Amino acid sequence: MTSPRPDPRPRVAAPAARAGDDQRGARAAWALWAVAALLVAARAALAFVPTMHLWSLNHQRFLGLAWAWLPWGLAALALLPAIARRALPALEWPGNRIARGDWPAWLAAMALAATAAVTSTSSLALAAALVGLLPDRVRFVGDFLLRQGTVEEAEKPSVIFPQALPLDVLLHYRLPLMLERAGLTDANGAARLLGAIEAALFAALAFAVARALRRRGASAATTVALVFFCGALGMMTGYSKAFSELVLVTAAVAASGLEALRGEPRGRALLPLGIAVALGVMLHRSALSLVPALVVAWLLWWRAAGARAWRRPAALAGIAIPLVAIGVMAPRIIADVRRWDTVHFEPAEVAQAGGPLRAALAGGRALDLLNLLMVLAPLSLAIPAAALLLSGGRGDAMPAAPGAAPRPAPSGSGAAAFLLALALPWVLAAPFIHPAQGLFRDWDDFAAAGTAVAIVSAWVASEAIARAPRQAWIGVGLVLAAAAASLQWLAVYADAERGVQRVRAFVTEPPRRTPAERAKTWDYLGITAYRHERWAEAAAAFANAAETGPSYRILIQWAMSQTNAGDLKGAETTYQSLLALHPDAALGWLGLGAVASRLADATTPGAQRGAYVAESRHAARQLLALQPGNADGIGLLQYLDRTYGAAADSSRR
């Protein structure tokens with residue numbers, strides 16, 4: 001009997017490869033640590049600098065002592081090697097539970113930092129204790145006030161936002177209106193309730209991404225944290241627009257697409273992938289940016305599963321569903337893009353800058369785009385360096401359960417190709433999008449893009465940690481740095497007074513903003529002060545807004561604020577300016593008549609009083625010419641006749 005021949009292959013090959021992986025992973029992990037430390041240091045320094053150049057990093061300046069420094073302090077301590085190494089077991093334990101799929105309790109824990117809502121679901125009861133502190137009380141972002149007001153006033157969405165797609169209208173108009181009419185909650189409460197549910201779903205999708213990447217231990221926990229604790233959480237604090245669901249769709253495409261890369265022959269991962277894309281195109285036209293990732297996932301799955309695998313029912317359904325949805329929605333989307341999106345891609349400022357390419361980074365846009373990136377996915381600043389350091393290495397796979405077949409992770413090149421296809425369309429489009437209210441306010445336009453980039457950041461960071469187990473402690477700092485930044489981002493919007501101070505700083509501190517940004521921001525400040533009956537403050541804000549955006553509504557609200565503040569002469573001047581631009585403005589004539597009447601009442605007898613009476617009478621007659629039988633106009637004339645006589649102003653005509 002012959003003895004078995006020894007394996008001629010050198011046994012040192014695997015250890016050598018592993019050592020190389022560890023070296024590349026360690027360098028990448030240190031690059032991530034350096035960026036996290038730099039951001040944490042910058043947040044502390046900018047808390048004392050009166051400028052809004054880096055508005056993505058100065059939230060601490062507008063927060064109370066506890067919110068400003070407790071999360072920051074924990075993040076700073078977690079970046080210290082000695083402390084992070086001691087805390088590492090606390091990070092590895094949930095990471096291993098994620099790897100085993102045992103994470104329902106952690107879903108509730110992650111929902112803690114999500115949004116402001118209280119639900120009766122026992123798994124989210126703990127979340128309510130914290131998230132009740134964090135609803136968006138500033139209501140500055142995007143179309144917050146417009147969307148909520150549409151539900152409160154039961155306006156027709158086809159008139160207020162006609163470009164909204166069917167699923168957007170269902171979730172953010174019909175459902176809240178139904179809950180409000182049933183007496184269950186108001187418009188804001190409905191949006192917050194939906195946001196809480198979506199935050200829990202977002203947490204579940206963050207776990208799904210970690211599972212799809214086959215992460216474990218600190219690598220898995222880091223993946224979940226960097227996906228979940230991104231700036232897009234701000235979409236789930238009461239904002240009623242499809243961009244919040246588009247964040248979920250983007251995460252679902254990432255999780256199911258990464259799962260599909262394994263090449264499972266039945267194609268079961270293609271079904272949720274297809275459904276996610278189909279939901280996306282029914283939510284918002286920008287979801288077409290997900291199509292490249294969808295196609296890449298299909299191709300990589302087909303290559304791994306075999307040429308005939310597409311015939312499986314799940315695969316067929318996963319391919320057919322998004323194709324049908326895109327086919328059905330494409331005509332509507334194309335029409336909306338042609339009609340509504342030219343203002344975002346070709347506004348006047350683009351022509352003034354000399355075309356789209358020059359306008360993309362003109363003025364302060366380059367810095368504001370960087371601010372967007374740091375708000376939505378801070379660690380993305382480390383992606384180029386960390387990815388370069390990792391290139392050529394080997395990924396980390398989740399170990400199989402005892403007695404089970406190994407479960408391979410997506411190949412490094414496959415995952416990279418897919419995730420780049422997910423993020424690049426959003427990223428490449430971002431410089432050419434010019435939101436009507438500016439990047440600072442309309443950051444919601446980029447929430448899905450930020451989510452895609454955050455997922456890429458999570459993949460790079462978790463890959464580095466997986467390859468360099470001795471540097472796994474760096475994950476502790478990355479997790480707490482991401483959590484602190486996200487919580488402070490939510491907290492600054494949860495404090496109405498401090499949040500408004502931050503908005504005011506945007507237009508009063510350097511750098512000087514564009515005329516459109518100044519007008520829109522001052523308008524918001526005026527509306528906010530008006531709602532709180534701070535009349536003098538509202539008048540001053542509307543005055544600033546009118547300098548660059550003297551719309552009919554702004555002038556009317558400016559004049560009404562002046563009237564309520566007791567500045568009748570100022571209100572008279574504003575009404576006169578309004579009527580010079582809009583001579584058919586009935587409300588303007590009514591306001592001018594009322595103000596002139598009050599000025600007459602406050603003036604001693606003489607020529608000046610007679611002039612005010614004449615002006616008031618003229619305004620009332622103009623109102624009645626526009627609206628015959630108007631009760632206010634008739635009442636004003638009757639008051640003037642009783643008080644000053646029917647011919648009190650005849651001698652002065």
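**Pockets, cores and salt bridges**

Mentor: Start with the second largest pocket: 35 residues line it, and Ile383, Ala423, Val427, Val453 and Val456 lie nearest its centre. Mind that this is a predicted model, where local features need pLDDT of at least 70 and side-chain atom pairs pLDDT 80 or more, while totals for chains, interfaces and linings use all residues. Residues are numbered from 1 along each chain as its sequence is written, and side-chain values use heavy atoms, with hydrogens and water left out.

Trainee: What makes a space a pocket, and what makes it a cavity?

Mentor: Both are searched for on a 1 Å grid over the protein atoms alone; in a cavity a 1.4 Å probe fits but cannot get out, while a pocket is an open set with protein on both sides within 12 Å along at least five of seven lines. A residue counts as lining if it has an atom within 4 Å of a point.

Trainee: How much space lies in the second largest pocket?

Mentor: About 720 Å³, taken as the space filled by probe spheres set on the grid points, which are joined across faces, edges and corners. Helices α18 (365-376), α19 (383-390), α20 (412-429) and α21 (447-467) each supply at least two lining residues; a helix here is a DSSP run (H or I, at least four residues), numbered from the N terminus.

Trainee: What makes a set of residues a nonpolar core?

Mentor: The members are buried Ala, Val, Leu, Ile, Met, Phe, Trp, Tyr and Cys residues joined through side-chain atoms within 4.5 Å. The largest such core has 187 residues, and Phe202, Met235, Val253 and Leu258 touch the most other members. Another core, of seven residues, lies apart from it, with Val151 and Phe161 among them.

Trainee: Why is Asp336 called buried, but Arg332 partly exposed?

Mentor: Buried means under 20% relative accessible area, exposed over 50%, and partly exposed in between (1.4 Å probe, protein chains only). Asp336 has 7%, so Asp336 is buried; Arg332 has 30%, so Arg332 is partly exposed.

Trainee: How do you know that Asp336 and Arg332 form a salt bridge?

Mentor: The term asks for a side-chain nitrogen of Lys or Arg within 4 Å of a carboxyl oxygen of Asp or Glu. For Asp336 and Arg332 the N to O distance is 2.9 Å. Both residues lie in helix α14 (residues 313-340), four residues apart, about one turn of the helix.

Trainee: What does the salt bridge between Glu463 and Arg215 tie together?

Mentor: The closest N and O atoms of Glu463 and Arg215 are 2.6 Å apart, and both residues are buried. Glu463 is in helix α21 and Arg215 in the loop between α9 (187-212) and α10 (217-228), so the pair ties together parts 248 residues apart in sequence.

Trainee: How many salt bridges does the whole structure have?

Mentor: The search finds 18. Arg214, Glu259 and Arg262 are linked in a network of salt bridges.
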